[in-house]
Amino acid sequence: MKKLNLFFTSIMFVSVFLFSCSSDDDSPAVDDGANAEEREIPVAELTSGITIPGAKMETGTPPSPSGALNFVTSTAQKEAFLNNGFNISFTSTGAVAGAYIQFQDVNGNAVPGYFDIPSTAFNNGDGNKTSGIKGKKKTLFTSKMNEEGELEINVDFEETVSPGKFCYAICIYDAEGNISQIEEVCVEVESWGGNTTIVGEWIFDREEPTDPENNDTTTIQCENGSTLTDIPYNMEEKDEWTFVLNEDGSYYETYDEKGKNLDIQQSQTSCTAVYTNEYMYNDKYSGNWAFNEEAGTLTVVDFKYENLLNTEQNEEYTDGSLYFEGAKVEVIDGELVITGLDGDPNEKVIFKRK
């Protein structure tokens with residue numbers, strides 16, 4: 001790409017203070033974590049603590065906007081998570097070749113340099129988007145992937161990044177040198193934990209509304225001409241999902257399942273449901289949780305997977321693996337109710353306290 005010898009310092013800092021990043025002095029203090037999130041992250045911390053896989057750090061400021069390259073991204077304040085980071089999603093009708101991003105503190109003071117991210121680095125989750133989970137329920141409820149047509153940039157944090165707020169300016173470019181308008185977005189790095197009312201050991205009880213796909217049954221045509229209807233594929237002996245939120249912001253959950261699979265051929269011959277092959281799962285996932293006080297939402301990030309039956313399959317996610325993000329959470333009549341865990345705003349997953 002032919003880079004223009006222009007700089008957009010004046011454009012990036014038209015607003016000396018980015019109001020969407022400013023601290024809300026009227027917000028009540030919830031806990032020490034919430035107070036920490038109001039901290040203004042300094043430029044030095046941003047400079048040393050932020051990386052973007054596949055990007056190149058350039059000196060100076062990015063080239064100025066030119067041409068009419070379409071660019072749409074949400075400018076609402078984003079959430080980010082310790083040792084994990086966040087993702088930047090956007091769309092464009094143009095042939096995007098890359099993006100420029102420059103990070104800055106909430107007062108508009110920029111880091112010395114900017115990231116040039118080629119399109120080949122887009123959608124590079126490298127382990128911190130959606131968990132590569134094996135468990136049955138985990139597969140159902142992992143955070144949904146991008147909407148069709150969305151592009152995404154993965155931003156990682158080093159351990160040196162602490163809770164607080166910062167902002168960034170982003171624009172995209174094509175191979176002809178056209179550069180989109182600049183969008184400014186602010187980010188709040190959440191503390192782990194937050195809402196002590198949801199802390200505890202919880203056992204999965206039910207979904208509302210009931211998911212018909214979870215009631216897996218089949219119809220068997222018997223060899224004698226008879227028909228068996230609504231025959232479960234599995235005969236469950238045990239199916240327990242435990243979800244634990246600790247006050248220090250750590251979490252773990254376990255899936256303990258045991259049963260037998262339906263033998264369709266033998267069932268057709270005998271014209272009765274026959275269950276033969278045994279299955280057993282005992283998985284554990286652990287990591288951290290964060291609560292957004294303003295939105296009343298829960299985010300969980302996995303950092304470790306353990307197969308309690310076969311340790312050779314254990315995994316660690318150094319940069320974190322997003323389990324689910326921004327799900328509404330409440331304790332209602334002693335039950336933990338998580339809404340939108342799988343991205344469906346009408347879906348409720350309900351736990352009882354153990």
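Me: Which residue stands opposite Trp289 in E16?
Reply: Strands (E, at least two residues) and helices (H or I, at least four) are DSSP runs, numbered from the N terminus. Look across to E16: opposite Trp289 stands Val300.

Me: What pLDDT do local features need in this predicted model?
Reply: Residues are numbered from 1 along each chain as its sequence is written, and side-chain values use heavy atoms, with hydrogens and water left out. This is a predicted model: totals for chains, interfaces and linings use all residues, side-chain atom pairs count only at pLDDT 80 or more, and local features need pLDDT of at least 70.

Me: Over how many bridges do E15 and E16 pair?
Reply: Two strands pair if DSSP finds at least two bridges between them. E15 and E16 form a hairpin with 4 residues between them. In the turn, Gly296 has a positive phi of about 70°. The strands run antiparallel, and the number of bridges is 10.

Me: In E17, which residue is the bridge partner of Leu298?
Reply: E16 also pairs with E17. That pairing is antiparallel, with 7 bridges. The partner of Leu298 in E17 is Ala327.

Me: How many of the 11 residues of strand E16 are buried?
Reply: Buried means under 20% relative accessible area, exposed over 50%, and partly exposed in between (1.4 Å probe, protein chains only). Strand E16 spans residues 297-307 and is largely enclosed by the rest of the structure, because the buried count is 10 of the 11.

Me: Which strands stand at the edges of the open sheet?
Reply: The sheet has 6 strands with mixed pairing, in the order E2-E6-E5-E8-E9-E3. Each edge strand has a single partner, so one side of each is left without a neighbour in the sheet. These edge strands are E2 (56-58) and E3 (78-81).

Me: By what angle are neighbouring strands of this sheet turned against each other on average?
Reply: Axes are lines fitted to C-alpha atoms (for helices over the stretch in contact), and angles run from 0 to 180 degrees between N-to-C directions. With direction ignored, the average for neighbouring strands of this sheet is 35°.

Me: Which residue does a disulfide join to Cys167?
Reply: A disulfide is a pair of cysteine sulfur atoms within 2.5 Å, and the structure holds 2. In this one the S to S distance is 2.1 Å. Cys167 is buried, at 0% relative accessible area. Its disulfide partner is Cys186.

Me: How many residues apart in sequence are Cys167 and Cys186?
Reply: The torsion about their S-S bond is about 90°, so this disulfide is right-handed. Cys167 lies in strand E8 (residues 164-174) and Cys186 in strand E9 (residues 183-190). The pair therefore ties together parts whose separation in residues is 19.

Me: What is the torsion about the S-S bond of Cys222 and Cys271?
Reply: Cys222 and Cys271 are joined by a disulfide, S to S 2.2 Å. The pair links distant parts of the chain, 49 residues apart. Cys222 and Cys271 are both buried. The disulfide is right-handed because the torsion is about 80°.

Me: Phi of Cys271 is near what value?
Reply: Cys271 sits in the loop between helix H5 (264-270) and strand E15 (275-292). Its phi is positive, in a residue other than glycine, and near 55°.

Me: Is Asp333 buried or exposed?
Reply: Asp333 lies in the loop between strand E17 (315-332) and strand E18 (335-339). Its phi is positive too, near 50°. Relative accessibility is 77%, so Asp333 counts as exposed.

Me: Which residues touch the most other members of the largest nonpolar core?
Reply: A nonpolar core is a set of buried Ala, Val, Leu, Ile, Met, Phe, Trp, Tyr and Cys residues joined through side-chain atoms within 4.5 Å. This core has 37 residues. Strands that each supply at least two include E3, E8 and E16. The residues asked for are Phe86, Phe103, Ile153 and Phe166.

Me: Which peptide bond is cis?
Reply: Pro209 is found in the loop between strand E10 (200-208) and strand E11 (217-221). Omega is about -10° for the cis bond, which joins Glu208 and Pro209.
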